Amino acid sequence: MSQLRERLNGLKKSGEMGVIAFIMSFLPDKKLCLECIKALEQGGCDVLELGMPFSDPLADGEMIEKFHHRCVEKGLSLKEGMEFAFEVRKTVSMPLVIFTYFNPVYNMGIPEFRQALEHTGAEAVIVPDLPLEELTRLTEYGLDVIPMIAPSSPQERIKEADKLNPAFIYCVSVRGTTGMQVLPEEEIKDYLLQVKSSTSSPLALGFGISSPEQVRVFKGYADAVVIGSLLASIIEEYEAKPELLPGEIERTIRNFKKAGLSF
Amino acid sequence: MYPDRKGYFGRYGGRFVPETLIPALEQMEKSYLELKEDEKFNVELNDILKNYVGRPSPLYFAERLTSFLGGAKIFLKREDLNHTGSHKINNTMGQALLAKYMGKERLIAETGAGQHGVATATAAAVLGLKCTVYMGAKDAERQRLNVFRMKMLGAEVVEVKKGSQTLKDASNEAFRDFIRSFECSHMVIGSVVGPHPYPMMVRDFQSVIGKEVKTQFKELTGKMPDYILACVGGGSNAMGIFYPFLDDAVKLIGVEAGGISLEPGKHCATLSSGKEGVLHGALSRVLQDEKGQISPTHSVSAGLDYPGVGPEHAFLKETGRVNYVNVSDKEALYAFHLLSRLEGIIPALESAHAVAYTLKIAPGLSEEECLVINLSGRGDKDVEQVAGLKEV
């Protein structure tokens, strides 16, 4: 079993709420980005979701979109991102998932992308603009995909996601893009229970998770939370004080982890 | 019959959007397919098209242009005479009515030149819906008049200051709005682009153009035209006039914006220079760099300034049914002035591209041959911009 599956299944079994961190490659710069990633691991982060830059990131809100554009302006793309992922893999040992929009993958060629993915040691891929029907474009090449499910998804689509036997299912917690305000608590809980009734895969709740308090609230409903925009805003805030950045990242993750511990 | 059940035209099309939107698109497709056959809906839509939009639009024999060029007879399909000044209203009235039947209370639109934005704001006003239009800041600057028009019509206009600040970025923002608001809002995509069912739906609403041409041309001449030309950005006016003729022996020519030159970033000739890719929800041809990042584009015409193209056009290029060519900014501007002087018709810069290619081929054709240009919009919106261009 892959390290990723093992980690998620472990979380599910223990009832502990795991933390998955989304980090955009290369930002604020390559060295500091690697340090942030090290800090994530030291803070207890369970899975790293490494973002690949794209010029038109439709599923992302303002904060993360800005990060995509910063990378694209520097001429960075999927190829450089995958090389960076390889370095990340050598630096930390937490499971690694690649987050990328579809066009750069399609442009690279799916067999070539699969090769690059294997080379980096990343274990799965999240493609936010591929709905379930189109995921076969990747699975037919043996790629492990993380399907996304939204509050608007009917039961049969949750079952479709389950059929992929994913390492986890990414449950979007907003009607909208990343960084938005999550739905009311009760609505999210009902939604997660509904997803749970159709799949035995571990569930990660993401988009708009910004406080450890949310971890406490949804513990027992999901097996992990994904934090992205929050980390991006910390990175942006501490860019001018780079020596403080890794510490701040580590502290943040630690707080989330503490909130997610089982009693 | 295209598209297939999954929304594909051959290899092109489909739905490449976040999972969140899928139920909304499925609902939209279902409602559209039902309403398409619904008598009440069609009676209402046809009444709007006739008495509000002013259809059928005339098919006009451009005698002075024809004798100036000295070749094929040239006819203009006068979509510029529609209410709001372009073909865009055919689609926005259709989609707005669909939205109303689906119980939505708000319309969202992206706009380049502003014609689609104005047409959506107009449809919202007359059907009593709320409306938000996203427009790139660069486009809002060069098409200021249309920004005022939209606001006067009661729409909220959001100027998008990200990326290239043109249609592409306005579309991104409109999609983001739709993703968070689809329960009460309908996104009125203005071209034959986007995820299924949009390319099909927009084509169907626009195909009223081609259907009318067929009837009108027969009444005028007793036969079929030999050539039909239309400009292609996303490709809705072209798809609308081509579609009813796909099975007929009529040569179809789509004219893209060749911009300043065919170097990357200086044009919008997506079908000539683009590669297969995914942008705004569909697999089609896309202008992109070697790494799969969407390229910046340029055209003198804001409405053609877009790095993507409708998937059905990509398909029709591949099958060879439609011939796609391009003309430069300069050629389009020359055609803009020529048509204004010879026929007293100031065309939209978009439509001027189709006129420009006509100038190239008409002189070489015989007087027996007939050519129809889809004059998709009027040029009032472009007058200020063209007047500011020194070289003309």
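## A look around chains A and B

Let's start with B:Arg203, which sits in helix 9 (residues 198–206) of chain B. Helices here are DSSP runs of H or I with at least four residues, strands are runs of E with at least two, and both are numbered from the N terminus. This is a predicted model, where local features need pLDDT of at least 70, side-chain atom pairs count only at pLDDT 80 or more, and totals for chains, interfaces and linings use all residues. Residues are numbered from 1 along each chain as its sequence is written, chains are lettered from A and ligands numbered from 1 in the order in which they are written, and side-chain values use heavy atoms, with hydrogens and water left out.

Back to B:Arg203: is this residue buried or exposed? With a relative accessible area of 2%, B:Arg203 is buried. (Buried means under 20% relative accessible area, exposed means over 50%, and partly exposed is in between, using a 1.4 Å probe and protein chains only.) Setting aside residues up to four places away in sequence, B:Arg203 touches B:Tyr2, B:Pro3, B:Phe9, B:Val192, B:Tyr198, B:Met239, B:Tyr243 and B:Glu312. Contact means heavy atoms within 4.5 Å.

Now for B:Arg78, in strand 4 (residues 73–78) of chain B. B:Arg78 is buried too, at 12% relative accessible area. Its contacts, leaving aside neighbours within four places in sequence, include B:Ser57, B:Tyr60 and B:Leu375. B:Arg78 and B:Gly377 are 299 residues apart in sequence, yet their C-alpha atoms are 7.9 Å apart in space.

B:Lys360 belongs to helix 15 (residues 349–361) of chain B. B:Lys360 is partly exposed, with a relative accessible area of 44%. Beyond its neighbours within four places in sequence, B:Lys360 is in contact with B:Asn326, B:Val327 and B:Glu331. From B:Lys360 to B:Val327 is 33 residues in sequence and 9.7 Å in space, C-alpha to C-alpha.

Next up, the rings. Rings of Phe, Tyr and Trp (its six-membered ring) pair if their centres lie within 6.5 Å; planes under 30 degrees apart count as stacked, over 60 as edge-to-face and the rest as tilted. By this rule there are 13 aromatic pairs over all chains. Here are two of them:

| Pair | Centre to centre | Angle between planes | Type |
|---|---|---|---|
| A:Phe99 and A:Tyr101 | 5.9 Å | 85° | edge-to-face |
| B:Phe41 and B:Tyr101 | 5.1 Å | 85° | edge-to-face |

B:Phe41 lies in helix 2 (residues 39–53) of chain B and B:Tyr101 in helix 4 (residues 88–101) of chain B, so this pair ties together parts that are 60 residues apart in sequence. B:Phe41 is buried at 2% relative accessibility, whereas B:Tyr101 is partly exposed at 29%. Over in chain A, A:Phe99 is buried at 3%, and A:Tyr101 is buried at 1%. Ring pairs also link A:Phe22, A:Phe54, A:Phe99 and A:Tyr101 into a cluster.

Finally, let's zoom out to chain A. How many helices and strands are in chain A? There are 12 helices and eight strands. The radius of gyration of chain A is 17 Å, close to the 18 Å that the globule rule gives for 263 residues, so chain A is as compact as a globular protein of that length. (The radius is taken over C-alpha atoms, and the rule is 2.2 Å times the number of residues to the power 0.38.) Of the 263 residues of chain A, 63% count as buried.
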